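Please take a moment with the sequence and the 3D view below before reading on. The paragraphs that follow begin at a single residue and then widen to the whole chain.

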Amino acid sequence: MEIKVVNKGRQPLPEYATPLSAGMDLRANLDVPVTLRPMERRLIPTGLHIALPAGYEAQVRPRSGLALKKGITVLNAPGTIDADYRGEVGVLLINLSQEDFTVNDGERIAQMVIARHEQAEFVTVDVLDETERGEGGYGHTGV
């Protein structure tokens, strides 16, 4: 699949790190470093503008290494980029650690997964079909 991209930043285009990678790393495109204090959140620009085909979305997800080692994650994970959005791809980072974290220009800050999706049509009915689970919600199957 080809995805049209306008790169208004200084960073290379996202690419897969290995042949079986699902996500591509997104990099910060910053004029000056950004420091996130504990529990602070900021929208970090990437410089990328993309045009996805109809029926696809781009999911912005945390990088596992940043989450584990530094407590940095994507706040609205996964963030969705719709096929009709043409603005800059931004990454909403939050610092869940107890220490300041500085995001530098070119740093890998998130990963992007391209995924197919469907659009549903809701149909109003008076009753739903019965299932074994029924209305059992959170924790209904025990420990």
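**From one residue to the whole chain**

Once its neighbours within four places in sequence are set aside, Gln59 is in contact with Pro78, Gly79, Gln111, Met112, Val113 and Ala115, where contact means heavy atoms within 4.5 Å. This is a predicted model, in which local features need pLDDT of at least 70 and side-chain atom pairs count only at pLDDT 80 or more, while totals for chains, interfaces and linings use all residues. Residues are numbered from 1 along each chain as its sequence is written, and side-chain values use heavy atoms, with hydrogens and water left out.

Gln59 belongs to strand S5, which covers residues 56-61; helices (H or I, at least four residues) and strands (E, at least two) are DSSP runs, numbered from the N terminus. With a relative accessible area of 12%, Gln59 is buried, given that buried means under 20% relative accessible area, exposed over 50%, and partly exposed in between, with a 1.4 Å probe and protein chains only. The side chain of Gln59 also makes a polar contact, at 2.4 Å, with the side chain of Arg61; such a contact is a pair of N or O atoms within 3.5 Å, and within protein one must be able to donate a hydrogen and the other to accept it, with residues adjacent in sequence counting only if both atoms are side-chain atoms.

Apart from neighbours within four places in sequence, Pro38 is in contact with Asn95, Ser97, Gln98, Glu99 and Asp100. Pro38 and Asp100 are 62 residues apart along the chain, yet their C-alpha atoms are separated by 5.9 Å.

Seen as a whole, the chain has one helix and ten strands, and from the N terminus on its elements run β-β-β-β-β-α-β-β-β-β-β. The radius of gyration is 19 Å, well over the 15 Å that the globule rule gives for 143 residues, so the chain is more spread out than a compact globule; this radius is taken over C-alpha atoms, and the rule is 2.2 Å times the number of residues to the power 0.38. Along the principal axes, the C-alpha atoms fill a box of roughly 55 × 40 × 30 Å. Buried residues make up 32% of the 143 residues in the chain, and among contacts between residues at least 6 apart in sequence, 70% join residues at least 24 apart.
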